[in-house]
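Here is a friendly walk through one protein model, from its overall build down to single residues. Take a moment with the sequence and the structure before reading on.

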Amino acid sequence: MYRFYINKIQNCYHIEELIRVFIKDENFEAISIDADIFKYLYLRGNSFLINTSGSSEMDVVQRELYNLLTEITGKSAEWGIMTGVRPLKIAFNVYKETSSFNLMRNILKEKYLLSDKKISLLTQIIKYQIKYINKSKKNTVSVYIGIPFCPTLCEYCSFASSVAEDNYLEQYIKNLLNEISYMGQLMRENRASIESLYIGGGTPTVLSLNQIKRLLEAVKNSMEIDIDKIEFTVEAGRPDTITSEKLQYMRDYGVSRISINPQTMKDDTLKKIGRKHTSDEIKKAYNLVLQYGYKVINADIIAGLPDESFEDFVNTLNEVLTLGANNITVHTLSVKKGSKLKENNPDFFRRNSEIVNKMLDYSRNRLVSEGFYPYYIYRQKHQIGFLENVGYCKPGTHSLYNVRIMEEMQTIIGLGAGAVGKIYYPDEDRIERVPNVSNHIVYNKRIDEIIQRKNKYYGG
Ligand code: SF4
C-alpha cells in the first residue's frame, strides 16, 4: 500500500485522480495533513510526503507528485497532470491569454507536463475551431432531449439507459412532451434562440414512427425554431432501429445530422458487447441513410473493445470510411462503474493501453490523410490508458452542439431523463448544472417537480 501525505491541500480529489493514473485504487491512500503534523511524521517504505514547501497551488503540488509517481512506477502519462474531462478548455484559455501557439506549447509542456503528441492534437483542434467556429451569440442556447432507451444494453454501458419496452416508452413520451411544452414557453418568454438541438440517448430511434412524429411536432410547436438555420441532430445509434419511414420523416422535419454508431464492424465483438445486430445491418443502414440527403452522418467507433486486435480496429475504420460517414468520433473504451464489463473485469481499463495508443495514433494519421480534422475532444473516467475521445469531421461539417457542451460558454437546456442542463452566466464566466433525474421511472414519478424546477432555473 502506498501512502501519500499531502501537506496543506485540504481536498485531495485532484491528487487522487492523478495517483489513479499510475496506481490502482486499492493500492494507495492520499491523506491530507497540516504542516504542524508533518514534522512528526515517520515515513517508511512506501509512504511519501508531498508539498513540504506548503504551496497552495494545485499544479505545483501535482507536478511534484507526478515526478514522484513516474519515479516509483517507471511509467509516464501522455496527459501529464491534466486529469479532467476538458483538456481543450485549458489549452484554449492558455492560447487566448498568450495569443501564441509557441507560448501555449511551452506552458502545456512545462506547467501541465503534456506529451508532444497531445499538445499537437490540441493545437490542431484549436486551429480548426478558430477557423470554422464562431463564438456563440448572446441569448442563443443549445437544447438536449434525452431518450434513455436502447434495444439491448451494451456490456460497457454506464448510462442510465434501459431496454425499450412499449409501456415504458409511451408513458415516458407523454411526460417528455409536457416538459418540452413547458420549457418552450419559458424560452419564448426569455427570447432564447436555439442554435443547436440534439436528440440523444440511449437510442432515440428506438421510438416508433408515431412517437417520433409526436416528439418532433412538440418540439416544433413549442419552441421557436428556424429549422433551416439550426443544427438538428438525432442519434440513431443502432442500425436495427432505423427504417426508411423514420429517416424520411426526420429529414422532412429538418433533422440535418444523424449518428449511426457501429462501434466496431467485427461481428464477434458486436455479439460480445451485447448488441443484437450485425455489421451487415450497419452497412444497410448507411446505404439507406445516404438516400435521404442528411448533411452530416456521424459514426462512433471504439478503440479497445474486448479481444479486438489492432487489425480489427483498422478494419472498422476502413469500413466506416467506405460507408461514407463525414464525421467520425473515435472513442477510447471507458469501463465505468455500473457497467457489466467493469463488474466482470474490474481492471480491464488498465490493460491494453499500448495497443489502444497505437489505434488512436493510426486513426488520427489516417483520418487526417483522408481530409478529416480533429475538432473536439473530451476525456472520461476509466478510459483505457487514461486516453481520450476525439471527434473528426470534414471541414464545415462539425457538430456545434459537441463544441458548445465542451467549451461551457452557452446555456444548454436539458430535457428528459438523464439530461443535464447548464446555465451560463457570461458576466462571471460560470456554469451552473441543472441535472434532471437519470432514471426514466423516477422521471415519470417526479415529472411535476422536474417541470417546476425548470421555472426556478430558467424562469424570468
Ligand atoms: S447504445 Fe449507448 S446508451 Fe445504449 S446501451 Fe449501448 S452504450 Fe448504453
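What percentage of the 460 residues of the protein chain count as buried?

## Overall build

The figure is 43% of the 460 residues. Please keep in mind that this is a predicted model. The protein chain contains 17 helices and 16 strands. Its radius of gyration is 23 Å, close to the 23 Å that the globule rule gives for 460 residues, so the chain is as compact as a globular protein of that length.

Along the principal axes, the C-alpha atoms fill a box of roughly 70 × 55 × 45 Å. If you look at contacts between residues at least 6 apart in sequence, 75% of them join residues at least 24 apart.

Helix α8 covers residues 209–222. Buried in α8 are Gln-211, Ile-212, Leu-215 and Val-219. These residues cover an arc of only 105° around the axis, which puts them on the same side of α8.

On the face turned away from that buried side, α8 carries the exposed residues Asn-210, Glu-217 and Asn-221. The cover over the buried residues of α8 includes α7 (166–189) and α9 (244–252).

## Helix α7

With 24 residues, α7 reaches 35 Å from its first C-alpha to its last, close to the 34 Å expected at 1.5 Å a residue. Its buried residues are Tyr-172, Ile-173, Asn-175, Leu-176, Glu-179, Ile-180, Met-183, Gly-184 and Met-187. They pack against α8, β14 (411–415), α16 (440–445) and α17 (447–458). Just after α7, Arg-191 takes a positive phi of about 50°.

## Around the ligand

Which residues are around the ligand? They are Cys-150, Leu-153, Cys-154, Cys-157, Phe-159, Ser-161, Gly-201, Gly-202, Thr-203 and Gly-237. This shell divides into five nonpolar residues, five polar ones and no charged ones.

Two members of the shell, Gly-201 and Gly-202, are worth a look at the backbone level. A cis peptide bond joins Gly-201 and Gly-202, with omega at about 15°. Gly-202 sits in the loop between β7 (193–201) and α8.

## Two residues with positive phi

Ser-99 is not a glycine, yet its phi is positive, near 55°. This residue lies in the loop between α4 (87–98) and α5 (101–110). Ser-99 counts as exposed because it has 8 C-beta neighbours inside 10 Å, and the cut-off for exposed is 12 or fewer.

Gln-263 also is not a glycine and has a positive phi, of about 65°. You will find Gln-263 in the loop between β9 (257–259) and α10 (267–272). Is Gln-263 buried or exposed? Gln-263 has 22 C-beta neighbours inside 10 Å, so it counts as buried.

## Cys-393 in strand β13

Strand β13 (residues 389–393) includes Cys-393. This cysteine is buried, with 25 other C-beta atoms within 10 Å. Setting aside neighbours within four places in sequence, Cys-393 is in contact with Asn-326, Asn-327, Phe-372, Tyr-373, Tyr-375 and His-398. Gly-371 is 22 residues from Cys-393 along the chain, and their C-alpha atoms are separated by 8.4 Å.

Notes
Residues are numbered from 1 along each chain as its sequence is written. This is a predicted model: local features need pLDDT of at least 70, side-chain atom pairs count only at pLDDT 80 or more; totals for chains, interfaces and linings use all residues. Helices (H or I, at least four residues) and strands (E, at least two) are DSSP runs, numbered from the N terminus. The expected span of a helix is 1.5 Å times one less than its number of residues. A residue is buried if 20 or more other C-beta atoms lie within 10 Å of its own, exposed if 12 or fewer, and partly exposed in between; C-beta atoms are placed from the backbone. The arc is that of the directions from the helix axis to the C-beta atoms. Two residues are in contact if their C-beta atoms, placed from the backbone, lie within 7 Å. The radius of gyration is taken over C-alpha atoms; the globule rule is 2.2 Å times the number of residues to the power 0.38. A residue is near a molecule or strand if its C-beta atom, placed from the backbone, lies within 6 Å of it. Ala, Val, Leu, Ile, Met, Phe, Trp, Tyr, Cys and Pro count as nonpolar, Asp, Glu, Lys and Arg as charged, and the others, Gly among them, as polar.
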